[in-house]
Amino acid sequence: MSTLLDVENLWVRFPTRNGVFDAVRGISFTLGRERLGIVGESGSGKSMTGRSILRLIRAPGVVEADHISLEGQDLLQLSEKEMREVRGKRISMVMQDPKFSLNPVMTIGDQIMEAYRLHSKASKSEAYAKSIEMLEAVSIRDPERVMRAYPHEMSGGMGQRIMIAMMLIPNPEILIADEPTSALDVSVQRQVLDIMDKLVRERGMGLIFISHDLNLVADFCDRVLIMYAGRVVEVCEADKLHEAKHPYTRGLLNSLPRLDAPRDHLEVLQRDPAWSEAPSVSGRS
Amino acid sequence: MNMLEIKQLDVWFGHGHNRVDAVKGAEFSVPEGESFGLVGESGSGKSTILRAITGLAPEWSGGITVNGERLGKQRRKSFYKTVQMVFQDPYASLHPRHSVDQVLGETLALHGFRDIDARVVKLLDDVGLGQKFRFRYPHQLSGGQRQRVAIARALAPEPKLLLLDEPTSALDVSVQAEILNLLVDLRKDRGLTYLMVSHDLSVVGHMCDRLAAMRHGEIVEIMDVAALRGMQAQHAYSQELLQASV
Amino acid sequence: MSDTHSPDTQNPEAQSLRAWLLTETPTSRRHAKLSALYHGWLSFRANTMAMIGLGILVALLFVALFAPLLAPHDPFEQNLGSRLLPLWTEGHVFGTDSLGRDILSRLIYGSRITLYIVALVALIAPLVGLLVGTVSGYVGGWVDTVLMRITDIFLAFPRLVLALAFVAALGAGIENAVIAISLTAWPPYARVARAETLTIRSSDYISAIKLQGAGAFRIITKHIWPLCISSLIVRVTLDMAGIILAAAGLGFLGLGAQPPSPEWGAMISEGRRFILDHWWVATVPGLAIFTVSLAFNLLGDGLRDVLDPKAGD
């Protein structure tokens, strides 16, 4: 399998009053044309990992790594200007809540077309046609009407599909999705995931899917990294997630209430300090 | 006896053209000691029912009877000794400038308790936090710890009916397990009645004896938890909900 | 500058005090309060410009407090033989004014008047604004409409003109100038407080305290005020420069402090007559006003970083 992204020994550090806080501590992984899940609880460093690939960590946070290579090119060596070329055009990101990612005072059509024309020298009419085509691809009925609408007129599921459409128009090689469906209702969640899945497959993209939801990741991804306290504690095939070995992964799975297995008390995760001390497991394939 | 009876409840926001009917003709009752769930997607009106019971949603019609007393438009002080609520987001439900001690102390004082110091200590123990959290501020607490403080606040007046508005949806799964266990134990120890709102069927399946599925402000089906576990929903929409959550 | 060389980290006793203050597990109410204050002080201290502003203001306070000891001359003593002496004259560092009074001594005594004005306005205007704004925002309905229209009326007048009208009605003098400035300064605070109250009012923690049966009075004073006060403090500090200038303006127009009082604005007004030949008479008090205004602005910027709950944590 060809490797799109290769991350080696990634650290994200934040200086605080009580010393340096390491949000991500020396993780390594590769991404091919596959769906890679990153799961963990809040504070595990999963979102920081996604953001650090695009160098979106705000100062005073610092990203350090031996390399973050996109098809052999080290992103850490690029200037901020070159990095802007990479963002959106080669690597796109979908965030959790579409409400905060769309500009409230621009019509959806203008925003999609702007996103497209930023990266290609297409004419206005070409951009319009392309935008309609993309909205159709994310199963939006009546795309002409949506193009004229403002973000507040859209439901959460629609907004998230529009975001995905917008991110996929420049045809990036990698899509990073940070909890793309956790603000959505379960039935809508399914639709959005199906659309994302179809597009990623058709275009042969690499997908990094960041989520706190183990079941969702097990269903949706090919390979999963489980993060704890800034490190990767376990890597496994997504369909074998329920056979995971690490006590942390097991603990997370067992703490979920289940309709088919009623219990008086849920299992409570006993955290072992050794988990955060153990070296990171490599996510290379 | 029924702790809570809801009859032909309509709740709406706004007037005239802007009127939005959030709940339409809801009807159910919760016997004392039972745990009842309300499930549905966002905007289905499940949280609005809780807000109408507490008086936070002022525009409603129909009948709400709590502990044998039919509620009017105004809530009496004694009402808040019977009914308390735990909010969804523990990051928003604690005053950012008040320490745990202030939050619990003020609540106890408002309900006319005298032995406030002893009760604060007891409440913190009851929710599994302990003394050392007493003088902390919300920003010094994790999400799970905050939710425990919010539960302690709701328990302070020693209520009979606890309204739980998605109490764990903002928390990590491992913390969710701890909070759900705490709620199960509290109900057992104190004989509480729960009315719990959640979008997560497996959480409701774990916590509740019966549940109502809501859509577009209407209750489409009331079933017991055995039917839920057996995937035997009658109504097409509740079947759809069930399918989506496994 | 690195922290490691400062004396308080080398002294073990000071270090344990620091650890006690920085604890995540306070053991009493007082401990929790002190710890929160210390955290605020640490982030304030990190802002150099704000520390400069604070330094200037502490110096001003010191000067005002010990004016009789610091002033080389009596500020009211006239000596027509040595009038309009230039800067750096022996015995009169900042020269003398048209009546031969020592400008430095007058500046030093004038700092008392400036602080007096600042303190009074800072007490009156934000308090009125806070009261009107929070009540209006929390109660809503017709109360809100009435209070906000009154605020609009005050806002619609040019500030100095309104103050002039008040002083003209109340009579010239420093107390009346303070009242006039306060009356024109409160509406923006009411607006800010109302806007904040509207967001706070609908938050879960206000709903939660309502469910304990708390009344409007308790909610406004104990739950809404603490959150509005910090942003008001920031605004007052930033507006302080404007207040000093307004007071100086009234003094300049002869409607504030009356001669021979060494109020800085009145001093500029007196010096105006000689500005072409003896520029320093007006310039030196002008520089004093400038420095103090700047100090308040710097302090306000620093306080915003510490106190603004949206930026912190």
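**Exercise 1. Find the residue that forms a salt bridge with B:Lys7, and state how exposed the two partners are.**

Solution. Step 1: apply the rule, in which a salt bridge is a side-chain nitrogen of Lys or Arg within 4 Å of a carboxyl oxygen of Asp or Glu.

Step 1: classify the exposure. Buried means under 20% relative accessible area, exposed over 50%, and partly exposed in between (1.4 Å probe, protein chains only). B:Lys7 has 44% relative accessibility, so B:Lys7 counts as partly exposed. B:Glu5 is partly exposed because its relative accessible area is 25%.

The model is predicted: local features need pLDDT of at least 70, side-chain atom pairs count only at pLDDT 80 or more, and totals for chains, interfaces and linings use all residues. Residues are numbered from 1 along each chain as its sequence is written, chains are lettered from A and ligands numbered from 1 in the order in which they are written, and side-chain values use heavy atoms, with hydrogens and water left out.

**Exercise 2. Locate the salt bridge between B:Arg134 and B:Asp117 and classify both residues.**

Solution. Step 1: the two side chains meet at 2.8 Å, N to O.

Step 1: place the residues, taking helices (H or I, at least four residues) and strands (E, at least two) as DSSP runs numbered from the N terminus. The pair links distant parts of the chain, 17 residues apart: B:Asp117 is in helix H4 (116-126) of chain B, and B:Arg134 is in the loop between that helix and helix H5 (143-155).

Step 2: B:Arg134 has a relative accessible area of 8% and is therefore buried. B:Asp117, at 46% relative accessibility, counts as partly exposed.

**Exercise 3. Describe the interface of chain B and chain C.**

Solution. Step 1: count residues in contact (heavy atoms within 4.5 Å). Chain B brings 31 residues and chain C 29.

Step 1: take the buried area, the accessible area (1.4 Å probe) that two parts lose on being put together, summed over both. The two chains bury about 2600 Å² between them, 56% of it on carbon and sulfur atoms. B:His95, B:Arg97 and B:Phe135 supply 23% of the area that chain B buries against chain C, more than any other three residues.

Step 2: count the salt bridges between chain B and chain C; there are three. One pairs B:Glu106 with C:Arg218 at 2.8 Å, N to O. B:Glu106 lies in helix H3 of chain B and C:Arg218 in helix H11 (residues 216-252) of chain C, so the pair joins two chains. B:Glu106 is buried because its relative accessibility is 9%, while C:Arg218, at 25%, is partly exposed.

**Exercise 4. Which residues of helix H1 (46-54) of chain B are buried, and what follows the helix?**

Solution. Step 1: seven of the nine residues of H1(B) are buried. They are B:Lys46, B:Thr48, B:Ile49, B:Leu50, B:Ala52, B:Ile53 and B:Thr54.

Step 1: B:Gly55 follows H1(B) and has a positive phi, near 90°.

**Exercise 5. Check the length of helix H4 (residues 108-119) of chain A.**

Solution. Step 1: the expected span is 1.5 Å times one less than the number of residues. H4(A) has twelve residues, so the helix should span 16 Å.
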